[in-house]
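Subject: Structure for you to look at

Hello,

Here is the structure I said I would pass on. Please open it beside this message and follow along.

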Amino acid sequence: MLRRLVGNTGWSSTSHDAEYEAVDHLLATHRHLLLDGGRAEVGSEEGYSACNTFLSAVEKTAKALGLEVAPRAYRKKFSANYRALFPDEARHYRVDVLEASADQHSAIWVNGDKFELSPEAICHAEALQKSWMDLTSLLEGCAADGTHPARADLVCILRSMDDAWAHFEHRYIAELINIEEKARRLMIQAVENELKLEQLEEMRGSPEWKEAQASLVQCVAHLNSVANFRRKGRDDLGSDILESAQIVLDRVGITSKEVVAAGEGKGWAQATISDAISRQAGVSLAVDVVASFEAMRRYLQGVKKCLERVDPHLCNNGGLVARLVDWEESWEVGARYVRHAECQEAICDLIAACHAASHLAPAFTTMCTDCDAELFLVLPRLVILFCLAKPTAPRGGLLKGLLPHRYLESAESKLELTDDPELAALSYQFKQVIDQLGSGLGTSDAYPWTLLVRRSVIGAAEAGYQCLQHDLRDQVEKLMRGVEKQSLELQRHCAEDWNQCSSVLVQCFNGGSQKQVFLSPGGKFQV
């Protein structure tokens, strides 16, 4: 085969075919690089792929030219994750290392903390970028002239680039490892606090045990604030929520071990919890708080065995995030409906009223079981109706929490619907309709309430209006229009609060805890 001779470049007929072919390939791959002022553009898939191919060609060319590899014994001290990327002392040029040398002054953000490269790392990055610019400039000149680079020039630049690359890689990866260790410290602290709590289990209830539990809750809250991107990432859910839940469970004779056993599918524990919930609906909320905390503890026990697998960007750990979502959701509910005894009492009272209503209008049970869309129109109507029937605490306290603007700020303990003109008028109208339904028909005291409940659940057509006079029917409909107006305000004034309340009511009505999935045994552990 005849080989083209290009001036006095150092390539001669005696040059090895491998060298010549390697340089040809290097020039070809260089033509596909996406460059911006000499800097490789790697943001796009096309640019990244072209740069990766070019770096591979640079390695092959250096090898074909017989260039000695710069020392890389430092890689033996890399962490396991980085040793997997750099398994030996070969060059292993990577696009992300080159990109980091170009972005040397950019801050590195991990879990909300800012890190910057050291002056030494920046110095090595600048040296690598200079060698990179020298190489691309040399090859650009050859492409313009249609020539090959002088062998001596190419060898000099490749040696310089490999040396600069090794120095920057060493410093950069070492600093990344240090940053990652700091980023994982949150997880390590949580693991250590969980272990401490586990060691104090025999002293459960002691001041030392309570202090260890509070410390672990604080660690979980901190993890939640930096890793839980799927919810709010709250860090203000304290150990008092857990303590309140534990008090509720203690009162009905349920322990944390039974909560865990129920989550693991133990029938005896599930029966114990179901029995307690049937006697006090709000128990399921306390079970959720404890179950989510125990699930978090179980995760920390598992991750302790594989901390090297934890992504330092904690939000990238799917198993952690899933448990934090469950934890925050359960504890937000607990903060309102478990920690505050009045709200817990109101929920239990309303659930009792809902069960009574389901006997009067069985369709309500089906709506709750199926979570029918119509339920979310019916439920706020019933809540308003229940509060009209019994406006004082505890129901009045719950309504005040959902519609605070309807109550006087100074009325701390006094809960009167008369504080607000609209609610006062609706309350008066409710009493009138109840009286008129009872006296006008000569029926039992239960009939007026039955009629209103059925009207709220299944509508006017099937509520049993047939025996009512037109004027009395009009009075009922006028009342229900007022109830409907307030039910819409209940849903809209603070949609998030109402959605939480309605979810709690449906869960408690259905009689089960929904938050024990992460305690179930089996399955591959997910970091």
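Of the 527 residues in the protein, 49% are buried. Please keep in mind that this is a predicted model. The chain forms 20 helices and 4 strands. Its radius of gyration is 35 Å, well over the 24 Å that the globule rule gives for 527 residues, so the protein is more spread out than a compact globule. Along the principal axes, the C-alpha atoms fill a box of roughly 120 × 60 × 45 Å. Contacts between residues at least 6 apart in sequence were also sorted by separation, and 73% of them join residues at least 24 apart.

Next, the cores. In soluble globular proteins, nonpolar side chains tend to be buried together. In this model the largest nonpolar core has 110 residues. Val283, Leu300, Leu320, Trp331, Tyr337 and Phe364 have the most contacts inside that core. Which helix gives the core its largest share? The answer is α11 (residues 283-303), with 13 residues. For Trp331, residues up to four places away in sequence were not counted; beyond those, Trp331 touches Val217, Leu237, Gly238, Ile241, Leu242, Val289, Ser292 and Phe293. There is also a second, separate core of 47 residues, which includes Tyr74, Leu98, Trp165 and Phe168.

Now two helix pairs. Two packed helices are described by the angle between their axes and the distance between the axes.

On the α4 side the contact is made by Val97, Leu98, Ala100 and Ser101, and on the α6 side by Trp165, Phe168 and Tyr172. Sorted by class, this contact of α4 with α6 has 6 nonpolar residues, 1 polar residue and no charged residues. Leu98, Trp165 and Phe168 in this contact are also members of the second core.

The other pair is α1 (residues 17-31) with α5 (residues 119-145). Here the axes come within 10 Å and cross at roughly 95°. The two helices, α1 and α5, are therefore roughly perpendicular to each other. Leu26, Leu27 and His30 of α1 meet Thr136, Leu139, Glu140 and Cys142 of α5. The residues of this contact between α1 and α5 divide into 4 nonpolar, 2 polar and 1 charged.

Some loop residues also deserve a look.

Leu33 sits in the loop between α1 and β1 (35-36). Is Leu33 buried or exposed? With a relative accessible area of 9%, Leu33 is buried. Apart from neighbours within four places in sequence, Leu33 is in contact with Ala50, Cys51, Phe54 and Trp132. To get a sense of scale, find Gln246: Leu33 and Gln246 are 213 residues apart in sequence, and their C-alpha atoms are 63 Å apart in space.

Tyr465 is in the loop between α18 (446-458) and α19 (470-492). Tyr465 counts as buried, at 6% relative accessibility. Its contacts, leaving aside neighbours within four places in sequence, are Leu451, Arg455, Ala460, Arg473, Val476 and Glu477. Between the C-alpha atoms of Tyr465 and Cys343 the separation is 35 Å, and these residues are 122 apart along the chain.

Last, the backbone.

- His92, in the loop between α3 (80-85) and α4, has a positive phi of about 50° although it is not a glycine. His92 is partly exposed, with a relative accessible area of 24%.
- Asn111, in the loop between β3 (108-110) and β4 (113-115), also has a positive phi, near 55°, and is a residue other than glycine. Asn111 is buried, at a relative accessible area of 13%.
- Pro394 is in the loop between α15 (375-389) and α16 (395-402). The peptide bond that joins Ala393 and Pro394 is cis, with omega about 5°.

Regards

Methods. Residues are numbered from 1 along each chain as its sequence is written. This is a predicted model: local features need pLDDT of at least 70, side-chain atom pairs count only at pLDDT 80 or more; totals for chains, interfaces and linings use all residues. Side-chain values use heavy atoms; hydrogens and water are left out. Axes are lines fitted to C-alpha atoms, for helices over the stretch in contact, and angles run from 0 to 180 degrees between N-to-C directions. Angles under 35 degrees count as roughly parallel, over 145 as roughly antiparallel, 65 to 115 as roughly perpendicular and the rest as oblique. Contact means heavy atoms within 4.5 Å. Ala, Val, Leu, Ile, Met, Phe, Trp, Tyr, Cys and Pro count as nonpolar, Asp, Glu, Lys and Arg as charged, and the others, Gly among them, as polar. A nonpolar core is a set of buried Ala, Val, Leu, Ile, Met, Phe, Trp, Tyr and Cys residues joined through side-chain atoms within 4.5 Å. Buried means under 20% relative accessible area, exposed over 50%, partly exposed in between (1.4 Å probe, protein chains only). The radius of gyration is taken over C-alpha atoms; the globule rule is 2.2 Å times the number of residues to the power 0.38.
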